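Hi everyone, thanks for making time this morning. Have a look at the sequence and the structure on the screen, and then I'll walk you through a few parts of it.

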Amino acid sequence: MKTRTINIQEALDRLQTAAKQLERPVTFMEVCGTHTMSAFRCGLHSLMPENVTLLSGPGCPVCVTSQGDIDLLIEVTVKNNVTLCTYGDMMRVPGQLGSLEQARSHGADVQVIYSAMDAMQLAQQHPEKEVVFAAIGFETTTPPTAVAVTEAKKLGLKNFTVLVSHKLVIPAMTALLEGVDVNVDGFLCPGHVSVIIGSEVYRPIVDKYKKRCVISGFEDVHMTAALARITEQARDNQILLENLYPQAVTPKGNQVALDLIFKIFEPADMSWRGLTQLPKSGLKLRKEYEDFDAELRFGLVSRETPEPAGCRCGDVITGRCQPDECKLFSKVCTPVHPIGPCMVSSEGTCQAWFKYHQPQSRLRKKVAL
Amino acid sequence: MITTTQTTPLTPAQQKRKIVLAHGGGGQLTDELIDSIVLPRLGNQVLTDLLDSAVLNQNGRQFAMTTDSFVVQPLFFPGADIGRLAVCGTINDLAVSGAKPMGLSLGMILAEGLEKKVLEQVIDSIAQAANEAGVQIVTGDTKVVGSHQADGIYLTTTGVGLIDKPNQLHPEKVQPGDVIIINGPIADHGLAVMLAREMPQVESVLKSDAAPLNHLIESVTSQTDGVVFMRDPTRSGVTGVVVELAQRSNYHIILNESNLPLRPETQHAADMLGLDPLEVANEGKVIMVVRGKEEKKVLDLLNQHPLGKEACVIGHVESDKDAICELHTIMGGQRILQKPYGEQLPRIC
């Protein structure tokens with residue numbers, strides 16, 4: 001415990017020192033829900049220098065899912081009499097037909113699972129049920145979906161399909177940078193996703209878009225060290241790709257997982273909340289696996305449905321506004337009665353703000369470490 | 001092949017018409033249900049206080065009464081089972097109210113088809129836990145429902161106890177300078193159950209902490225009047241208790257994360273399931289609010305008991321009247337604690 005505290009103190013000191021030497025205020029963005037939550041949980045924001053801002057980008061899988069895809073998910077559950085298997089975070093996201101939690105209270109068969117294989121096995125054990133797995137998430141949750149589909153094909157399952165909403169991180173970061181109104185000085189890149197995709201894929205963001213990229217783990221000490229390093233880069237006018245999570249992230253990533261992903265899936269255009277439709281930013285099942293595509297099985301058509309009136313989740317996850325700049329935040333939109341997905345997911349920026357972030361005036365003076 | 005049930009979209013009012021699982025999670029949604037449906041119809045001076053036990057006055061003596069239902073799945077998990085839980089939960093609610101348990105009732109709802117062997121195991125476990133607590137099951141009720149109407153066994157226990165020192169414990173007695181003490185490591189119970197339910201293939205040394213705390217608590221309260229409030233951090237965990245304490249006392253409370261006892265295996269399980277140990281249920285823990293000058297004495301007394309060997313101070317009460325609970329994190333940052341919403345949903349990555 002003691003060693004860890006000293007490391008954090010060293011990282012904090014480096015961050016403070018570098019921040020003092022900055023010529024202008026800087027803004028960095030993390031693009032990972034786990035980073036968002038970890039930063040708030042450990043109180044990192046309360047220790048940040050005034051001239052360094054850390055924004056949360058499109059990293060929470062629930063939050064980036066478009067309203068149309070959420071409605072599709074709830075529609076298939078309510079209208080097609082299926083057993084829907086979902087990760088827990090999706091349960092309370094409001095759609096036009098209500099949330100999955102509410103659908104369950106009206107008799108729909110909705111099951112919270114921890115892995116795609118759980119859904120596949122449920123289908124295997126219950127041939128009488130039509131099981132649909134809501135496949136959301138970035139490169140970290142995609143390999144398990146690919147394994148489940150591979151197994152289902154091997155077993156010849158006829159009652160298992162996947163509603164695919166898997167997304168890719170790099171196109172989202174690129175789209176943000178192509179936008180005119182989002183200005184960041186660099187990214188804290190997600191540790192888990194980078195384990196799969198590797199560190200070199202961030203190279204174009206550094207070379208072409210001239211944005212710093214520092215890959216970070218998830219513990220308080222990892223994030224502080226990464227923040228210190230990226231601030232030092234800014235101070236020294238450097239724009240570099242650095243991997244501060246080398247114990248898990250290699251330059252080329254996990255080739256086995258990548259091969260698996262692209263054996264089952266191929267890149268596809270995908271709608272994102274806050275970013276609209278981005279070319280080749282998501283995944284769809286390859287033709288050989290389309291028997292497992294819930295959209296085809298049930299004739300589902302994804303529509304562009306409007307986001308809830310007044311909800312600024314799209315702006316929040318693209319760094320265009322902070323949660324408290326949304327008129328609904330903490331007034332009508334709360335974790336108990338959420339309006340947008342960022343207030344629902346435990347990785348959502350709005351929920352993290354609501355739960356953990358309060359104006360400094362409400363907190364007592366800082367204690368010495 | 002696919003049957004299609006055409007359903008018209010639900011209006012917002014219809015969407016919220018029904019009970020959802022999270023209403024039973026012991027968080028904000030449970031509070032909302034109690035406040036909007038139960039209290040307006042049944043509220044009275046005793047019930048509205050919403051403490052762990054009701055305090056009843058009779059001929060100058062005070063009695064505590066409490067009730068709790070148990071629907072845990074799986075019925076058996078490392079360290080405990082539904083029977084042990086049903087005894088400990090109610091005993092502890094009496095004990096934290098300063099009451100000596102006099103007797104317990106046991107209501108059982110059994111599903112048709114339940115193996116008698118399973119029932120025997122559960123009852124044996126009830127007997128064992130009651131024996132540890134030094135209390136008897138003095139009355140009971142048994143009902144059986146269709147196999148699809150219940151999930152194995154549901155239990156309800158009600159307890160009555162005598163309060164030795166009347167009017168000793170209440171959140172309104174909390175003052176600046178008081179310290180907050182817990183008797184040992186947090187979050188073991190909730191995570192042991194979650195692991196057993198969600199990841200049965202994972203081997204872990206983690207065990208539920210379910211234990212009757214009446215002897216431990218009595219060993220303290222019989223020796224000092226320094227304890228002003230107690231609560232067992234069950235659903236909603238330590239966060240739920242301290243947030244409510246801040247709200248009901250109206251003072252600013254500071255918890256120190258680095259002082260919070262947490263086993264490494266519990267932390268690992270929490271990380272794996274994406275849960276915050278502070279919000280996870282305990283069944284053998286008590287949070288005590290103690291006058292500052294009695295801190296050492298209370299700790300010494302707790303440390304002498306097997307269930308209090310790892311007792312420590314985790315926070316204190318400050319003089320600001322803002323009803324906020326603040327966590328000082330290990331890395332020296334600060335954040336506000338808020339009561340969880342309802343059921344803890346696992347994160348996805």
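Let's begin with two helices in chain A of this predicted model: α2(A), residues 33-41, and α15(A), residues 349-356, pack at an angle of about 10 degrees, with their axes 10 Å apart. The two are therefore roughly parallel to each other, a label used for angles under 35 degrees, whereas over 145 is roughly antiparallel, 65 to 115 roughly perpendicular and the rest oblique. Helices are DSSP runs of H or I with at least four residues, strands are runs of E with at least two, and both are numbered from the N terminus.

Which residues of α2(A) and α15(A) make the contact? From α2(A) they are A:Thr36, A:Met37, A:Phe40 and A:Arg41, and from α15(A) they are A:Thr349, A:Ala352 and A:Tyr356. Contact here asks for C-beta atoms, placed from the backbone, within 7 Å. By class that gives 4 nonpolar, 2 polar and 1 charged residues; nonpolar covers Ala, Val, Leu, Ile, Met, Phe, Trp, Tyr, Cys and Pro, charged covers Asp, Glu, Lys and Arg, and the others, Gly among them, are polar.

A quick word on bookkeeping. Residues are numbered from 1 along each chain as its sequence is written, while chains are lettered from A and ligands numbered from 1 in the order in which they are written. Because the model is predicted, local features need pLDDT of at least 70 and side-chain atom pairs count only at pLDDT 80 or more, though totals for chains, interfaces and linings use all residues.

Staying in chain A, 5 strands form an open, parallel sheet in the order β2-β1-β7-β8-β9. Its edge strands are β2 (52-56) and β9 (241-243), each pairing on one side only. On average, neighbouring strands are turned by 20 degrees against each other, direction ignored. Pairing, by the way, needs at least two DSSP bridges between two strands.

Now zoom in on β7(A), residues 186-190, where 5 of 5 residues are buried, that is, with 20 or more other C-beta atoms within 10 Å of their own; 12 or fewer would be exposed, and in between partly exposed. β7(A) pairs in the parallel sense with β1(A), residues 26-30, over 3 bridges, and A:Met29 stands opposite A:Phe187. With β8(A), residues 212-216, β7(A) has 5 bridges, again parallel, and here A:Phe187 faces A:Cys213. Helix α11(A), residues 220-235, lies across β1, β2, β7, β8 and β9 of chain A, running at about 165 degrees to β8(A).

Over to chain B. There, 7 strands form an open sheet with mixed pairing, in the order β9-β11-β8-β12-β10-β13-β14. β9 (227-231) and β14 (334-336) have a single partner strand each, so one side of each is left without a neighbour in the sheet.

Leaving out residues up to four places away in sequence, B:Thr329 touches B:Glu257, B:Gln334 and B:Arg335, along with A:Cys42 and A:Gly43.

There is also a hairpin in chain B, made by β1(B) and β2(B) with 2 residues between them; B:Asn59 in the turn has a positive phi of about 50 degrees. β2(B), residues 61-70, then pairs antiparallel with β7(B), residues 153-163, over 9 bridges, and B:Thr67 sits opposite B:Thr158.

Finally, confidence. The mean pLDDT, the predictor's confidence in each residue from 0 to 100, is 91 for chain B, and 93% of its residues reach 70 or more. Residues 1-7 of chain B stay under 50. For the complex, the predictor gives an ipTM of 0.78 and a pTM of 0.85.

Notes
Contact = placed C-beta atoms within 7 Å. Axes fitted to C-alpha atoms, helices over the stretch in contact; angles between N-to-C directions.
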